Amino acid sequence: MPVRSKRYKALLSLLEPGRSYELSEAVEILKKGASAKFDETVELSVRLGIDPKKAEQAVRGTLSLPHGIGKERRVAVLAKGEQAMEAREAGADFVGDKDLIDRIAEGWTDFHVLIATPDMMKEVARLGKILGPRGLMPSPKTGTVSPTVAPLVRQFKAGKLSFKNDTYGILHLPVGKVHFSSTQLEDNIRSALQTIQRLKPPSARGVFLLSAHLCTTMGPSIKLNLAKV
């Protein structure tokens with residue numbers, strides 16, 4: 001069992017055991033309890049009513065939050081020729097083709113998003129074991145494969161997110177920073193939940209959004225009352 005710090009225990013004391021909080025209450029508690037010496041990230045975790053072992057029930061997509069996420073994202077691009085040049089001009093942090101693929105194959109993943117042109121996907125396939133578990137594999141479903149990469153680079157640099165459920169059927173998304181206003185955080189969280197709800201797989205039965213929790217980088221999670229979000 002992990003040993004919790006006094007600070008963590010103090011934050012935990014703000015919560016009532018077993019209670020689900022309305023969004024405005026949860027955000028207020030998060031902001032009140034954020035006392036770290038850095039600008040903590042606010043994360044939303046959503047447990048989905050899917051069978052994560054079934055490929056047709058995988059939930060993945062992209063999301064642009066109304067107020068961004070408050071953090072610059074490192075974007076890597078696999079492209080050649082003119083597309084590679086345009087990716088650099090659009091602000092991509094890393095651009096390459098075989099050289100970048102070889103670097104990733106050696107275990108390097110110091111980026112948040114990997115974009116690829118369709119002609120690179122045959123080579124990208126061998127990186128599945130490295131990129132897949134980290135949610136970094138380029139895919140048309142997450143908007144990270146396109147013959148025209150420059151617009152995607154600009155979108156992801158501006159805060160666009162790609163996401164995919166983990167092996168437990170849970171989605172984890174950054175939805176802002178604690179310095180954001182309460183209104184900004186609430187807007188972002190509602191937008192994220194609405195986007196996720198629209199992605200319910202046809203084969204998934206019953207309730208889709210089973211539960212949702214908010215937490216900061218250093219704080220405990222707060223369960224949301226989804227019926228009132």
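Begin by selecting Glu 86, Ala 87 and Ala 90 in helix H3 of this predicted model; these residues meet Ala 150, Val 153 and Arg 154 in helix H7. Classified by residue type, the contact of H3 with H7 comprises four nonpolar and two charged residues, with no polar ones.

**The H3–H7 pair**

Next, display the two helices as axes: H3 spans residues 81-90, and H7 spans residues 150-157. Two packed helices are described by the angle between their axes and the distance between the axes. Here the axes come within 8 Å and cross at roughly 25 degrees. Because angles under 35 degrees count as roughly parallel, H3 and H7 are roughly parallel to each other. Their crossing is right-handed.

**The buried face of H7**

Keep H7 in view and select Ala 150, Leu 152, Val 153, Phe 156 and Lys 157, which are the buried residues of this helix. Which part of the helix do the buried residues line, seen down the axis of H7? They fall within an arc of 160 degrees, so they line one face of the helix. Ala 150 and Val 153 belong to this buried set and also take part in the contact with H3.

Then move past the end of H7 to Gly 159, which follows the helix and has a positive phi, near 120 degrees.

Is Arg 134 buried, partly exposed or exposed? Its relative accessibility is 48%, and Arg 134 therefore counts as partly exposed. Select His 112 as well: the C-alpha atoms of Arg 134 and His 112 are separated by 9.6 Å, with the two residues 22 apart along the chain.

**The H2–H8 pair**

Finally, turn to helix H2 (residues 23-33) and helix H8 (residues 182-198), which pack at an angle of about 125 degrees with their axes 10 Å apart. That angle makes H2 oblique to H8. The crossing of H2 and H8 is right-handed.

For the contact itself, select Leu 23, Ser 24, Val 27 and Lys 31 in H2; these meet Ser 182, Leu 185, Glu 186, Ile 189 and Arg 190 in H8. By class, the contact of H2 with H8 has four nonpolar, two polar and three charged residues.

Key. Residues numbered from 1 in each chain as written. Predicted model: local features only at pLDDT ≥ 70, side-chain atom pairs only at ≥ 80, totals over all residues. Heavy atoms only, no water. Buried < 20%, exposed > 50% of the residue type's maximum accessible area, 1.4 Å probe, protein only. Helix = DSSP H or I, 4+ residues; strand = E, 2+ residues; numbered from the N terminus. Arc of directions from axis to C-beta. Contact = heavy atoms within 4.5 Å. Axes fitted to C-alpha atoms, helices over the stretch in contact; angles between N-to-C directions. Parallel < 35°, antiparallel > 145°, perpendicular 65-115°, else oblique. Left-handed = near helix turned anticlockwise from the far one by under 90°. Nonpolar A, V, L, I, M, F, W, Y, C, P; charged D, E, K, R; others polar.
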